[in-house]
Amino acid sequence: MDQDTSCTTNPLLEPWTGPFGVPPFDRLKPSHFGQAFEIALGLSQAETGAIAADPKPPSFENTIEALETSGRELTQVCSVFFNLARADTNDELEAIEREIAPKLARHRSAIYLNGAMFQRVDALYSRRSELGLNAEQARVLERYHIAFLRNGGGLPDEAKARLAAIAERLATLATKFAQNVLADEKAYMLVLAAKDDLAGLPASLISAAARTAADRGLPSKHGITLSRSSIAPFLQFSARRDLREKAFRAWAQRGESGGLTDNRAIASEMVRLRTERARLLGFASFAHFRLGDMMAKTPQAAHDLLHSVWAPARARALREEAALQAIAAGEGGNFHIAPWDWRYYAEKRRKAEFDLNEAEIKPYLPLDKMIEAAFFTANRLFGLSFSERDDVPLYHPDARCWTVTGRDGQEIALFIGDYFARPSKRSSAWMGSFREQQKLDGEVRPIVVNVLNFAKASEGQVCLLSFDDARTLFHEFGHALHGMLSDVTYPLISGANVARDFVEFPSQLYEHWLEQPEVLRRFALHHETSEPIPEALLQSLLAARQFNQGFATVEYTASALVDLALHLLSGADAIDIVGFEKTQLDKLGMPASITMRHRTPHFQHVFSGESYAAGYYSYLWSEVLDADGFEAFEERGDIFDPMLAKKLHDHIYSSGFSRDPDEAYKAFRGRAAKPGALLRKRGLADAPRGEA
């Protein structure tokens with residue numbers, strides 16, 4: 001590719017004049033990013049340097065607002081690059097990512113460890129009551145002061161230098177960790193060549209597996225990949241125990257190959273470096289450092305919540321295991337239930353107990369109708385409308401986009417949906433932004449993307465979702481709404497830029513609407529006949545909502561407890577992370593038939609950056625809020641209650657991080673959350689409503 005040589009010919013740095021100001025994806029080449037990063041970094045360094053060196057006394061405008069408006073070009077380039085690096089990467093982008101990650105970490109450290117900059121922010125914070133700030137400005141100043149302190153502002157120069165070196169090294173390691181997992185996932189495909197290899201598989205999975213194999217050059221065969229939407233249903237339905245074991249072992253051992261993509265030493269070094277950084281900042285462990293700025297406040301609070309759920313979940317999982325063992329024995333199986341057996345026999349048990357199996361449900365959950373259901377719910381709650389458009393250039397042919405308008409008919413956001421798995425995409429599902437809402441630079445409307453990994457059906461076939469897939473779609477759309485409905489002035493507190501153990505609340509709360517009969521009767525329509533889901537099947541589906549919750553809670557909670565234990569380490573010695581994982585699971589009494597939802601060598605939440613490091617417990621913490629929060633709608637007798645929906649909009653979805661999360665929740669609910677709702681939701685206790 002030709003390397004552009006001037007800013008004026010680099011589409012990343014030109015004004016984006018396309019529909020909705022969307023990035024010019026149709027003109028972008030990997031070669032544009034190197035130059036764009038170089039120029040944008042230089043501009044950002046000059047801007048922040050000028051703020052720190054400003055001879056005028058610090059003011060909110062010349063320091064905080066100046067920081068908020070600095071680095072526009074860098075923010076723009078990063079938003080495009082890192083979304084592509086996760087959703088549609090290639091060898092060139094991966095090489096750029098490895099090169100730029102430590103440079104960006106170095107740049108960030110240069111800002112937060114700049115003594116003159118810290119003095120300006122600290123001086124403003126010390127006299128904040130005299131500045132005449134409004135509530136949002138006061139919050140932004142507070143968050144900047146916290147950020148500078150937590151990044152080493154005010155520490156001696158020697159400590160600052162070491163913190164900068166640690167940040168740079170961690171950025172390099174996190175990038176390598178993520179790329180290793182993707183490489184393992186891309187390299188693996190279980191080829192199903194014989195007819196018997198397809199035994200037990202439903203037609204929808206066979207269709208998706210045929211497309212997968214064809215896309216990888218094996219048109220007459222079928223393929224199962226390590227994407228969750230491929231391997232999970234294979235483990236659920238395949239009658240071939242040998243193939244289930246083979247696929248499961250590949251899935252569980254990502255990042256643990258012993259070769260170039262092995263992540264064990266990387267994760268070990270990251271834990272050591274995080275521990276060292278926390279101690280330089282005056283904390284007993286990285287977990288103490290991380291949770292000090294979250295809702296939980298202390299590792300003990302997170303630990304207590306996890307263990308309050310672990311004991312009843314484990315007890316229930318053991319009862320579930322016994323039931324599965326009985327089914328296997330009844331079929332002549334002379335083996336103990338193993339992790340690759342659980343989903344298969346759980347599906348048989350669900351069929352026996354609820355007259356329900358996934359193959360019956362999926363024809364009523366076509367992807368387009370589930371997207372429509374998510375949009376319908378947003379319309380009923382928040383008055384949003386969605387108009388699909390085909391005039392916007394996007395980064396991949398599979399991606400789609402919609403203009404989002406509010407009650408008044410004004411455009412408020414552009415929403416992009418990227419739904420199908422592919423080798424160039426990291427596994428899992430997430431929400432990202434190509435542009436975040438803010439008003440400091442005028443009315444800036446967000447461009448939000450949901451990236452998922454559903455198995456794409458064969459040509460001419462409809463993509464059918466499992467109920468878990470549909471729940472994931474609603475979950476990520478809840479995140480998207482958090483970004484699209486944001487209504488704040490300052491970028492720092494926009495949208496989903498909130499405490500990690502609060503960010504999952506809007507997304508997990510949104511999942512509840514999928515499970516409502518009013519929604520399912522309207523949108524769970526057969527993909528061929530458009531007939532609504534039969535009432536008996538609907539009732540069976542709803543009755544089975546708490547089925548297998550012992551298993552689901554144990555695999556998640558084990559991951560969260562191992563993550564917390566790793567980051568409570570106070571020493572800097574090298575650790576065998578797999579050995580540590582085993583020791584912790586043995587202490588917990590982890591059933592041998594269940595594995596962690598994310599084993600340490602591929603635990604991307606924790607090691608592909610720091611979003612959930614020492615914070616994977618956040619999903620459960622947020623679940624206390626979402627379970628209690630949805631009960632508010634149930635108590636009103638209307639799942640779309642207008643007054644409650646307005647409170648939800650005003651205090652949660654639109655307010656970003658403009659207030660403390662505890663205060664935001666109380667403003668919505670009228671009180672603090674009560675944990676009994678969580679146990680009721682998971683079927684782990686018969687706690688009555690109103691229980692504290």
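Which helices and which strand each supply at least two residues of the lining of the second largest pocket? The legends below, which describe a predicted model, take up this question before turning to other close-up views.

**View 1. The second largest pocket and the elements that line it.** Helix H16 (367–382), strand E5 (411–420) and helix H25 (642–653) are the elements that each contribute at least two lining residues, and the largest share, five residues, is that of H25. The volume of this second largest pocket is about 470 Å³. Its lining comprises 22 residues, of which Gly406, Ile412, Leu485, Asp487 and His649 are the closest to the centre. Sorted by class, the lining of the second largest pocket holds ten nonpolar, eight charged and four polar residues.

View 2. In soluble globular proteins, nonpolar side chains tend to be buried together.

**View 3. Ser433 in strand E6.** Ser433 belongs to strand E6, which spans residues 430–435, and this serine counts as buried because its relative accessible area is 19%, where the cut-off for buried is under 20%. Residues up to four places away in sequence not being counted, Ser433 touches Ser79, Asn83, Ile447, Val448 and Val449.

Methods: Residues are numbered from 1 along each chain as its sequence is written. This is a predicted model: local features need pLDDT of at least 70, side-chain atom pairs count only at pLDDT 80 or more; totals for chains, interfaces and linings use all residues. Side-chain values use heavy atoms; hydrogens and water are left out. On a 1 Å grid over the protein atoms alone, a cavity is a set of points where a 1.4 Å probe fits but cannot get out, and a pocket is an open set with protein on both sides within 12 Å along at least five of seven lines; lining residues have an atom within 4 Å of a point. Grid points are joined across faces, edges and corners, and a volume is the space filled by probe spheres set on the points. Helices (H or I, at least four residues) and strands (E, at least two) are DSSP runs, numbered from the N terminus. Ala, Val, Leu, Ile, Met, Phe, Trp, Tyr, Cys and Pro count as nonpolar, Asp, Glu, Lys and Arg as charged, and the others, Gly among them, as polar. Buried means under 20% relative accessible area, exposed over 50%, partly exposed in between (1.4 Å probe, protein chains only). Contact means heavy atoms within 4.5 Å.
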